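Please keep the sequence and the 3D view open while reading.

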Amino acid sequence: MITSVNRFILLFAWTAAAAAIAQTPPPATPEYGDEFYRPHSGQAGKNVVWVPTPDELVQKMLRSAKVTEKDVVYDLGAGDGKIPIAAARDFKARAIGIEYNPEMAELARRNAKRAGVDDRVKIITGDIFESDFSEATVVTLYLLPDLNYKLRPTILKMKPGTRVVSHQFNMRDWEADETYTEGYRDAYLWIVPAQAAGRWTFKEEKGEWLGTADLSQVFQRVGGYLTVGNKSQPLLAPTLTGDQLAFSFVDPDGQARSIRGKINGDNFEGWLRLSTYDTKVTGTRTALPK
Ligand SMILES: C[S@@+](CC[C@H](N)C(=O)[O-])C[C@H]1O[C@@H](n2cnc3c(N)ncnc32)[C@H](O)[C@@H]1O
């Protein structure tokens, strides 16, 4: 039974509590919210758990991708936002994180604000497999082998030259352009290659040189034959880095030559080199690979 004394004590306690709450300052600091959401490493996520990439490796990954202020960096599965934040804070890039877990995405937004980069970091709450990240010039991943493989066709359709960095997991038979370690952790860098395969006709712009190259391609690896006049020969040391194609060959007169330049769809613009002398060369893809 509540006596009048007990009633007085209860009323006093409630009034004191209400007064204390009224005096609590409004949660104006950016830290507000962290007391309600503290993620733990290894916690469940939609397709992969949350484990943050260590700071040193974040820096190394962004350095390997040569991130600058001209880049748009997308971190797929952004967690607490540390990769987009580092890309904006330390490399001056514009950076976007896609994170499925709404509470984690909110935390990433608060972290970006705390770091003073919320004008250049955007955190999207969404599923990486349903989001459009085609504007990215750099993509960062810390997912799982099967998820990398599932993203691979989308990544290979991105603009040639887009850099992709993955913490820990590779892309199966698409070999990395660079592999490195930080402590016991591996990381990989790929550069999305242009579509180079097919038959190309190269022509010196202000001269008579004309050659036809039949190029085959597996990801960034290219090979093939060049026909000049009635002589065919294997391309020497061909390379494809993003949209940059280069190879050497020997002209019918026995002179070493090379072609290097940029693929843009079915067109090529570059330079034909003889010794130290360069002349402009253009190319057109006249047939796709069989
Ligand atoms: C291993 S953590 C990496 C976090 C951050 N990228 C880093 O390296 O520090 C993977 C993150 O992906 C998120 N994730 C899992 N599946 C996802 C999906 N389908 N779409 C978006 N985010 C996802 C998880 O919630 C988790 O935060």
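## Where two helices meet

In this predicted model, Asp 55, Val 58, Gln 59, Met 61, Leu 62 and Arg 63 of α2 are in contact with Lys 82, Ile 83, Ala 86, Ala 87, Arg 89, Asp 90 and Phe 91 of α3, where contact means heavy atoms within 4.5 Å. Sorted by class, the residues in the contact of α2 with α3 are seven nonpolar, one polar and five charged; here Ala, Val, Leu, Ile, Met, Phe, Trp, Tyr, Cys and Pro count as nonpolar, Asp, Glu, Lys and Arg as charged, and the others, Gly among them, as polar.

Two packed helices are described by the angle between their axes and the distance between the axes. The axes of α2 (residues 55-64) and α3 (residues 82-91) come within 10 Å and cross at roughly 60°, which makes α2 oblique to α3. The axes are lines fitted to C-alpha atoms, for helices over the stretch in contact, with angles running from 0 to 180 degrees between N-to-C directions; under 35 degrees counts as roughly parallel, over 145 as roughly antiparallel, 65 to 115 as roughly perpendicular, and the rest as oblique. The crossing of α2 and α3 is right-handed, meaning that the near helix is turned clockwise from the far one by less than a right angle.

Gln 59 lies in helix α2 and is partly exposed, with a relative accessible area of 22%; buried means under 20%, exposed over 50%, and partly exposed in between, using a 1.4 Å probe and protein chains only. Leaving aside neighbours within four places in sequence, Gln 59 is in contact with Ala 86, Arg 89, Asp 90 and Phe 91. The C-alpha atoms of Gln 59 and Asp 90 are separated by 8.5 Å, although these residues are 31 residues apart along the chain.

## Arg 152 and Arg 172

Arg 152 is placed in helix α5 (residues 145-156) and, at 11% relative accessibility, counts as buried. Not counting residues up to four places away in sequence, Arg 152 touches Met 171, Arg 172, Asp 173, Trp 174 and Phe 219. Its C-alpha atom is 8.9 Å from that of Trp 174, a residue 22 residues away along the chain.

Most residues other than glycine have a negative phi, whereas Arg 172 has a positive phi of about 55°. Arg 172 is partly exposed, at 46% relative accessible area.

With a relative accessible area of 64%, Ala 237 is exposed.

Lys 203 is found in strand β8 (residues 198-204) and counts as partly exposed at 44% relative accessibility. Beyond neighbours within four places in sequence, Lys 203 is in contact with Trp 209, Leu 210, Lys 280, Val 281 and Thr 282.

## The chain overall and its basis

The chain holds five helices and 16 strands, which are DSSP runs (helices H or I, at least four residues; strands E, at least two) numbered from the N terminus. Of its 290 residues, 42% count as buried.

Residues are numbered from 1 along each chain as its sequence is written, and side-chain values use heavy atoms, with hydrogens and water left out. Because the model is predicted, local features need pLDDT of at least 70 and side-chain atom pairs count only at pLDDT 80 or more, while totals for chains, interfaces and linings use all residues.
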